[in-house]
Amino acid sequence: MPKATVPSVIRVARQQGLAVDDEETRAGMCCHGAPIFDAGGHQAVAAVALSMMKTNSPPPGAERIELAARTVHQLARLMSHRLGMLPGGR
């Protein structure tokens with residue numbers, strides 16, 4: 001399967017509000033990152049990310065990865081709101 005182009009990866013990350021590295025940097029490892037926005041919700045001023053090993057330990061790998069992605073996304077939104085971004089922004 002061909003690798004995705006950088007513009008397509010950026011487009012998907014913007015649509016989902018989350019960037020994913022699935023064993024692209026290191027075998028057996030994944031990373032999820034999400035932007036933290038300014039008060040206007042237009043400018044990313046920081047980011048939060050979580051890197052973790054993909055394992056078969058409980059809970060099942062896919063379930064853990066999904067939970068990690070949701071947690072990173074929720075944390076970024078919370079931090080954006082703490083910086084003054086109004087609900088409904090980004």
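Mentor: We will take the labels in turn and set each value against its definition.

Mentor: This is a predicted model, in which local features need pLDDT of at least 70 and side-chain atom pairs count only at pLDDT 80 or more, while totals for chains, interfaces and linings use all residues. Residues are numbered from 1 along each chain as its sequence is written, and side-chain values use heavy atoms, with hydrogens and water left out.

Trainee: What makes a stretch a strand or a helix?
Mentor: Both are DSSP runs numbered from the N terminus: helices are H or I with at least four residues, and strands are E with at least two. Strand E1 covers residues 19–22, and helix H1 covers 6–16.

Trainee: How do you know that E1 and E2 pair?
Mentor: Two strands pair if DSSP finds at least two bridges between them. E1 and E2 have four bridges, in the antiparallel sense, so they meet that definition. Aspartate 21, for example, stands opposite cysteine 31 in E2.

Trainee: How many bridges join E2 and E3?
Mentor: Nine, again in the antiparallel sense, with E3 spanning residues 44–53. Isoleucine 36 has alanine 46 as its bridge partner in E3, and proline 35 stands opposite alanine 47.

Trainee: Why are E1 and E3 said to stand at the edges?
Mentor: The three strands form an open sheet in the order E1-E2-E3. E1 and E3 each have a single partner strand, so one side of each is left without a neighbour in the sheet. Neighbouring strands are turned by 15° against each other on average, direction ignored; the axes here are lines fitted to C-alpha atoms, for helices over the stretch in contact, and angles run from 0 to 180 degrees between N-to-C directions.

Trainee: Why is histidine 32 called buried?
Mentor: Buried means under 20% relative accessible area, exposed means over 50%, and partly exposed lies in between, using a 1.4 Å probe and protein chains only. Histidine 32 has 4% relative accessibility, so it counts as buried.

Trainee: Is glutamate 23 buried, partly exposed or exposed?
Mentor: Its relative accessible area is 39%, so glutamate 23 is partly exposed. Glutamate 23 sits in the loop between E1 and E2, and has a positive phi of about 60° although it is not a glycine.

Trainee: What does leucine 18 touch?
Mentor: Contact means heavy atoms within 4.5 Å. Not counting residues up to four places away in sequence, leucine 18 touches several residues, including His32, Ala34, Ala69 and Val72. With a relative accessible area of 12%, leucine 18 is buried.

Trainee: What makes a set of residues a nonpolar core?
Mentor: The set must hold buried Ala, Val, Leu, Ile, Met, Phe, Trp, Tyr and Cys residues joined through side-chain atoms within 4.5 Å. The largest one here has seven residues: Leu18, Ala34, Ile36, Val48, Ala69, Val72 and Ala76. Leucine 18 and alanine 76 are 58 residues apart in sequence and 9.5 Å apart in space, C-alpha to C-alpha. In soluble globular proteins, nonpolar side chains tend to be buried together.
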